[in-house]
Amino acid sequence: MFFDFSNTDVQKEIISGFFSILNTLIAAIAAGGIGRLIARQGKLKDQLRMAVQDISFLLKVEEIHCENNKIEFKESRKNKVRKEARIEGYNFSGEFTPGRIRSQDIFR
């Protein structure tokens with residue numbers, strides 16, 4: 001079959017078809033990118049929940065340890081140990097205390 005490529009109707013249909021294919025490709029690429037972004041956000045939220053649970057656990061461990069210190073040494077020594085940790089370069093922001101964690105829906 002022979003097409004007259006100099007005919008403006010044929011040129012118009014070729015250009016129209018090309019842009020239809022291009023439009024479909026752009027939509028597919030965008031959908032794939034958005035899907036990966038949503039999946040990545042879900043994974044990050046899961047990791048954040050796990051980290052907050054670990055922080056809650058470690059704060060509970062600290063609380064139990066301080067109670068044991070009160071029995072054995074008549075003082076909890078919590079502030080002394082936290083000060084030593086700060087001297088070594090570790091800091092506790094206080095953002096993820098048990099009360100703050102309970103009050104935020106994202107961590108439930």
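How far apart in helix α1 do lysine 70 and glutamate 67 lie? They are three residues apart, about one turn of the helix. Before we look further, please note that this is a predicted model, where local features need pLDDT of at least 70, side-chain atom pairs count only at pLDDT 80 or more, and totals for chains, interfaces and linings use all residues. Residues are numbered from 1 along each chain as its sequence is written, and side-chain values use heavy atoms, with hydrogens and water left out.

**Helices and the loop**

- Helix α1 covers residues 8-73, and helix α2 covers residues 78-87; helices here are DSSP runs of H or I with at least four residues, while strands are runs of E with at least two, and the numbering starts from the N terminus.
- Lysine 74 sits in the loop between α1 and α2, and arginine 77 is found in that loop too.

**Salt bridges**

- Side chains of opposite charge can pair when their charged atoms come close.
- The term salt bridge is used for a side-chain nitrogen of Lys or Arg within 4 Å of a carboxyl oxygen of Asp or Glu, and by this rule the count comes to five.
- Lysine 70 and glutamate 67, the pair from the opening question, form one of them, at 3.6 Å from N to O.
- Lysine 70 has a relative accessible area of 42% and is partly exposed; glutamate 67, at 40%, is partly exposed as well. For these labels, buried means under 20% relative accessible area, exposed means over 50%, and partly exposed is in between (1.4 Å probe, protein chains only).
- Aspartate 46 and arginine 49 also meet through their side chains, with 3.4 Å from N to O.
- Because aspartate 46 and arginine 49 are three residues apart in helix α1, about one helical turn separates them.
- Aspartate 46 is partly exposed at 46%, and arginine 49 is partly exposed at 28%.
- Glutamate 62 pairs with arginine 82 in a salt bridge whose closest N and O atoms are 2.7 Å apart. This pair links distant parts of the chain, with glutamate 62 in helix α1 and arginine 82 in helix α2, 20 residues apart.
- Glutamate 62 has 23% relative accessibility and counts as partly exposed; for arginine 82 the value is 23%, also partly exposed.

**Around the loop**

- Asparagine 69 belongs to helix α1 and is buried, with 8% relative accessibility.
- Leaving aside neighbours within four places in sequence, asparagine 69 touches Lys74, Glu75, Ser76 and Arg77; contact means heavy atoms within 4.5 Å.
- Lysine 74 is exposed at 70%, and its phi is positive, about 70 degrees, although lysine 74 is not a glycine.
- Arginine 77 is partly exposed at 28%, and it has a positive phi of about 65 degrees although it is not a glycine.

**A nonpolar patch**

- Ile15, Phe18, Phe19, Leu22 and Ile26 make a nonpolar surface patch of about 500 Å².
- Among these residues, phenylalanine 18 is located in helix α1.
- Patches are built from residues with over 30% relative accessible area and no salt bridge, joining like charges within 9 Å and nonpolar side chains (Val, Leu, Ile, Met, Phe, Trp, Tyr) within 5 Å.
- Accessible areas come from the Shrake-Rupley method with a 1.4 Å probe, and for residues only the protein chains shown count as cover.
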